[in-house]
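Let's take a friendly walk through a protein model. Keep the picture in view as you read, and look for each piece as it comes up.

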Amino acid sequence: MSKGLLIVLSGPSGVGKGTVCNALRGKMDNLVYSVSATTRNPRVGEEDGVNYFFKSRDQFTDMIEHDQLLEYAEYVGNYYGTPRDFVEQTLLSGKDIILEIEVQGALKVKEKFPEGIFIFLLPPSLDELEGRIRGRGTESQATIEHRLSVAVDEIGLMEHYDYAVVNDQIDQACKRIESIVIAEHCKVRSSGI
Ligand SMILES: Nc1nc2c(ncn2[C@@H]2O[C@H](COP(=O)(O)OP(=O)(O)O)[C@@H](O)[C@H]2O)c(=O)[nH]1
Ligand SMILES: Nc1ncnc2c1ncn2[C@@H]1O[C@H](COP(=O)(O)OP(=O)(O)O)[C@@H](O)[C@H]1O
């Protein structure tokens, strides 16, 4: 059995990464979502083990020390990291896995998995991005400002990605990502069939 594909999806806060990943879950049978660990507080409606594994700083540090994270990064005052074992086991089982992570973590994953597929999700405009993050209503005013300032730097790192997908409409963005994954499965690779 061939290994699954490792797919990284990044993009600024509020662009629609979570929404697109949720929509993809219903469409792509072979795609598994990597649940990250984080020290940020849960938002209303978020569940431990579903959206994130919510950890204290000490618990997170413990995961780092025990080499349980494939990568981790600090983003706007909190730590976020990808549990390593789940990613490795999923790939070995032949399923594809999608990591919804920010740019610093994505660059670390690229060092370890250069064969990964790196997709950057873009907003139709910065005004639309601001409208979406404010409209979601989950962040304080100060956090929104901080996330928007980071967004500009994040977009500046897009050149390290293989694909850029504009999330104008959710179903269109999903179609583009599905098409990328289908094409990547058809790619001739040196390891053979
Ligand atoms: N490096 C890294 N970033 C992550 C991980 N999990 C989530 N993130 C990113 O951390 C950022 C903040 O996530 P969150 O607080 O849920 O806000 P969001 O931007 O609305 O998704 C987003 O860019 C996420 O993609 C992870 O395991 N590692
Ligand atoms: N294509 C889209 N058009 C309009 N609104 C969208 C679109 N995609 C997502 N949204 C909305 O934008 C907000 C942020 O989406 P979310 O998935 O939480 O972003 P992220 O995970 O990237 O921070 C949510 O309120 C969501 O419903």
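## Around ligand 1

At least two residues of the shell around ligand 1 come from each of helix 1, strand 5 and strand 6. Strand 5 gives the largest share, with 4 residues. Keep in mind as you explore that this is a predicted model.

Which residues come nearest to ligand 1? Of the 16 residues around this ligand, they are S13, S36, Y80, I101 and G105. Sorted by class, the shell around ligand 1 holds 5 nonpolar, 6 polar and 5 charged residues.

## Around ligand 2

Now turn to the other ligand. Ligand 2 has 14 residues around it, and G16, K17, G18, T19 and R132 come nearest. Helix 1, which spans 17–25, and helix 5, which spans 126–136, each provide at least two residues of this shell.

How do the residues of the shell around ligand 2 divide by class? There are 2 nonpolar, 9 polar and 3 charged residues.

Next, find the open sheet of 4 strands: their order is 4-3-6-5, and the pairing is mixed. Why is one side of strand 4 and of strand 5 left without a neighbour in the sheet? Strand 4 (52–54) and strand 5 (69–75) stand at the edges and each have a single partner strand, so there is no neighbour on one side of each. On average, and ignoring direction, neighbouring strands of this sheet are turned by 25° against each other.

## Helix 1 and helix 7

The axes of helix 1 and helix 7 (residues 170–186) come within 10 Å and cross at roughly 65°. Therefore helix 1 is roughly perpendicular to helix 7. The crossing is right-handed.

What meets what here? From helix 1 come T19, V20, A23 and L24, and they meet I170, A173, C174 and I177 in helix 7. The residues of this contact divide into 7 nonpolar, 1 polar and no charged. T19 has already come up, among the residues nearest to ligand 2.

## Helix 5 and helix 6

The last stop is another helix pair. Helix 5 and helix 6 (residues 141–156) pack at an angle of about 150°, and their axes are 11 Å apart. Helix 5 is therefore roughly antiparallel to helix 6. This crossing, too, is right-handed.

In this contact, L129, E130, I133 and R134 in helix 5 meet I144, R147, L148 and A151 in helix 6. By class, the contact has 5 nonpolar, no polar and 3 charged residues.

Key:
Residues are numbered from 1 along each chain as its sequence is written. Chains are lettered from A and ligands numbered from 1 in the order in which they are written. This is a predicted model: local features need pLDDT of at least 70, side-chain atom pairs count only at pLDDT 80 or more; totals for chains, interfaces and linings use all residues. A residue is near a molecule or strand if its C-beta atom, placed from the backbone, lies within 6 Å of it. Ala, Val, Leu, Ile, Met, Phe, Trp, Tyr, Cys and Pro count as nonpolar, Asp, Glu, Lys and Arg as charged, and the others, Gly among them, as polar. Two strands pair if DSSP finds at least two bridges between them. Axes are lines fitted to C-alpha atoms, for helices over the stretch in contact, and angles run from 0 to 180 degrees between N-to-C directions. Angles under 35 degrees count as roughly parallel, over 145 as roughly antiparallel, 65 to 115 as roughly perpendicular and the rest as oblique. A crossing is left-handed if the near helix is turned anticlockwise from the far one by less than a right angle, and right-handed if clockwise. Two residues are in contact if their C-beta atoms, placed from the backbone, lie within 7 Å.
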